[in-house]
Amino acid sequence: MKIGIILGSTRQGRVSPQVGAWVKEIADKRGDAEYEIVDIAEFNLPFLGAAEGQENVAAWNEKLASLDGFVFVAAEYNHSITGALKNALDSAREAWNNKAAGIVSYGSTGGARAAEHLRGILGELQIADVRVHPTLSLFTDFENFTTFKPSSLHLENMNAMLDQVVAWSTALKTIRG
């Protein structure tokens, strides 16, 4: 199984790389799948429908097609997901289909509102999102809102979420052929 850890923010000063590295560190210790960080910022995706940058969209779709499942690191901006993540989701279709995903969200309310919006989008893209959902608070899991220092209590939820992502990704691979 190949699981991509999708960093859902491209904003300057973002903390998603810290959260993604934490997810990967926990995941790599498990030995049940190959995990990699996939940073949407590195793909420089054009705004959906733009004539320029289609080679970047093709590279994005190729990367997604190579993966069996996903863990989305979702920041909550204005009670939803980031515009960059929405654009990245919209920039592919079939590459997402019949795969599983977990969500690790962060924000003032643990990113719960962003995660709920993301779940609706994932359903439309035929991505089966798993139930367990680690939520990280800007107030308790980040020092000065910028340095990620997660509470140890999140480890159990992270592993339970990864258990579900791997199990569902394995099952869904059988219908992709």
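1. Which residues of α4 are buried? They are Ala114, Ala115, Leu118, Arg119, Ile121 and Leu122. Buried means under 20% relative accessible area (1.4 Å probe, protein chains only). Helices are DSSP runs of H or I, at least four residues, and strands are runs of E, at least two, numbered from the N terminus.

2. This is a predicted model: local features need pLDDT of at least 70, side-chain atom pairs count only at pLDDT 80 or more, and totals for chains, interfaces and linings use all residues. Residues are numbered from 1 along each chain as its sequence is written, and side-chain values use heavy atoms, with hydrogens and water left out.

3. The buried residues of α4 pack against β3, α3, β4 and β5 (127–129). Gln126 follows α4 and has a positive phi, near 60°.

4. The largest nonpolar core has 28 residues. Such a core is a set of buried Ala, Val, Leu, Ile, Met, Phe, Trp, Tyr and Cys residues joined through side-chain atoms within 4.5 Å. Ile6, Trp60, Phe72, Leu89, Trp96 and Leu118 touch the most other members. α4 (112–124) is one of the elements that supply at least two residues. With five residues, α4 gives the most to this core.

5. α3 and α4 pack at an angle of about 10°, their axes 11 Å apart. Axes are lines fitted to C-alpha atoms over the stretch in contact, and angles run from 0 to 180 degrees between N-to-C directions. So α3 is roughly parallel to α4, a term for angles under 35 degrees.

6. In α3, Leu85, Lys86 and Leu89 meet Leu118, Ile121 and Leu122 of α4. Contact means heavy atoms within 4.5 Å.

Conventions
Buried < 20%, exposed > 50% of the residue type's maximum accessible area, 1.4 Å probe, protein only. Parallel < 35°, antiparallel > 145°, perpendicular 65-115°, else oblique.
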